[in-house]
Amino acid sequence: MNNNNSSLSHRKEEPENGILYIVGTPIGNLNDISQRALNILQNVSLVACEDTRQTKKIMNKFNISNKLISFNKHNSLIKTPKIVKDLKEGKSIALVSDAGMPGICDPGEDIARSLKYEGIDMICVPGACAAITALVSSGLPSSSFIFEGFLPKKQSDRNKTLHEISKNKKTTIIYESPHRLKKLLQELSVFCGGDREIMVARELTKRFEEHIGHKIDDAIDFFKDKEITGEITVILKGIDKKMSIFNESDLRKDLKELMNAGLSLSAASKYLAKKNGLKKGFIYNLIKRQI
Ligand code: SAM
């Protein structure tokens, strides 16, 4: 809020004119919607939603009817000026995405930046977020963490990100599509080692919710012969001191550097094995285990 002295208990009845309400909606279980979110969706001048069919499901379940307009990554550039104009004219607007918190890997981030620039007030009505739901149910350190969202698709960018993730000391949260999960798990095994702790959360808050772990290689085994469907969030434990001497990606990089400097594969492997307290054969085989 622009008025730093305001507090919710002193605010006028919601929704107020001229404000964009960024409303969190459920990530599966529709009963996770809050009373406050329902009140806003019912009483704003209009609801801007990613896909009107998805939002109608919530509206119908709770017998709410209101004007819906579509606002998504394909039309946000065209629609943003109209939303700004409506807010400046005193309308109240709710922004929702298909699921969870708008702005978290969903439309919302850009319009929030535009409105901030225009000096228009925004209020977030908090709701479910897959990242946080998965994190707190993982049992992994959660008071400080890194949210990666979706990894890049281009392999060179992806490898760079995976290399950074492998060195994070904090728990990392990753969103992944079901058809790329097996590839991601293989990549994490190579970059972080198959012993790293992980939790794959599938279908959070839904009927067939699953939490799969305990190590990366366990998750690979679990999904090996399965066709993966549903929505997936991956929680990866950060590196600890013991692991830092055993990072396959760093070892492979060192190996290449030594070979570029003229050492044979055998000599480079022997050197790195001694330096890292590992078997020479393990290092030797790394060069053949490229993704
Ligand atoms: N804005 C949403 C939020 O607050 O979580 C995230 C939207 S992003 C486009 C969709 C991704 O979130 C999915 O591909 C999946 O990685 C994750 N996700 C959403 N719902 C989920 C669920 N019920 N269980 C597990 N992951 C979920």
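Because the model is predicted, local features are reported at pLDDT of at least 70 and side-chain atom pairs count only at pLDDT 80 or more, whereas totals for chains, interfaces and linings use all residues. Residues are numbered from 1 along each chain as its sequence is written, and side-chain values use heavy atoms, with hydrogens and water left out.

The chain holds 12 helices and 10 strands. These elements are DSSP runs numbered from the N terminus, with helices (H or I) of at least four residues and strands (E) of at least two. Along the principal axes, the C-alpha atoms occupy a box of roughly 75 × 40 × 35 Å. The accessible surface of the chain is about 15900 Å², and carbon and sulfur atoms contribute 50% of this surface; accessible areas were computed by the Shrake-Rupley method with a 1.4 Å probe, and for residues only the protein chains shown count as cover. Of the 291 residues in the chain, 45% are buried. A residue is termed buried under 20% relative accessible area, exposed over 50%, and partly exposed in between (1.4 Å probe, protein chains only). Contacts (heavy atoms within 4.5 Å) were also examined by separation in sequence: among those between residues at least 6 apart, 68% join residues at least 24 apart.

A pair of aromatic rings is described by the distance of the centres and the angle of the planes. Rings of Phe, Tyr and Trp (its six-membered ring) are paired if their centres lie within 6.5 Å; planes under 30 degrees apart are stacked, those over 60 are edge-to-face, and the rest are tilted. The search of the whole structure gives 3 aromatic pairs. In one of them, the ring centres of Phe222 and Phe223 are 5.0 Å apart and the planes stand at 85 degrees, so this pair is edge-to-face. Phe222 is partly exposed, at 29% relative accessible area, whereas Phe223 is buried, at 3%. Phe147, Phe150 and Tyr175 are linked into a cluster by ring pairs.

Charged groups also lie over rings, a term that requires NZ of Lys or CZ of Arg within 6 Å of the ring centre and within 35 degrees of the ring normal. The charged end of Lys226 is placed over the ring of Phe222, at 4.0 Å from the centre. Lys61 is found over the face of Phe62, 5.7 Å from the ring centre.

A nonpolar patch on the surface is formed by Ile104, Ile132, Val136, Phe145 and Phe147, which together have about 400 Å² of accessible area. Helix H5 (130-138) and strand E6 (145-150) are the elements that give two or more residues to this patch. Patches consist of residues with over 30% relative accessible area and no salt bridge, like charges being joined within 9 Å and nonpolar side chains (Val, Leu, Ile, Met, Phe, Trp, Tyr) within 5 Å. Ile104 belongs to the loop between strand E4 (93-96) and helix H4 (109-118) and is partly exposed, with 34% relative accessible area.

Ile22 is located in strand E1 (residues 20-23) and is buried, at 13% relative accessibility. Leaving aside residues up to four places away in sequence, Ile22 touches Leu95, Pro102, Ala112, Met122, Ile123, Cys124 and Val125. The C-alpha atoms of Ile22 and Gly103 are separated by 8.7 Å, although these residues are 81 residues apart along the chain.

The whole structure contains 13 salt bridges, each defined by a side-chain nitrogen of Lys or Arg within 4 Å of a carboxyl oxygen of Asp or Glu. One of them joins the side chains of Arg53 and Asp51 (2.8 Å, N to O); Arg53 is exposed, at 63% relative accessibility, whereas Asp51 is buried, at 17%. In the salt bridge of Lys91 with Asp86, the closest N and O atoms are 3.8 Å apart. Lys91 is partly exposed, at 31%, and Asp86 is buried, at 5%. For Glu118 and Lys88, the corresponding distance is 2.6 Å. Glu118 is partly exposed, at 35% relative accessibility, and Lys88 is exposed, at 53%.
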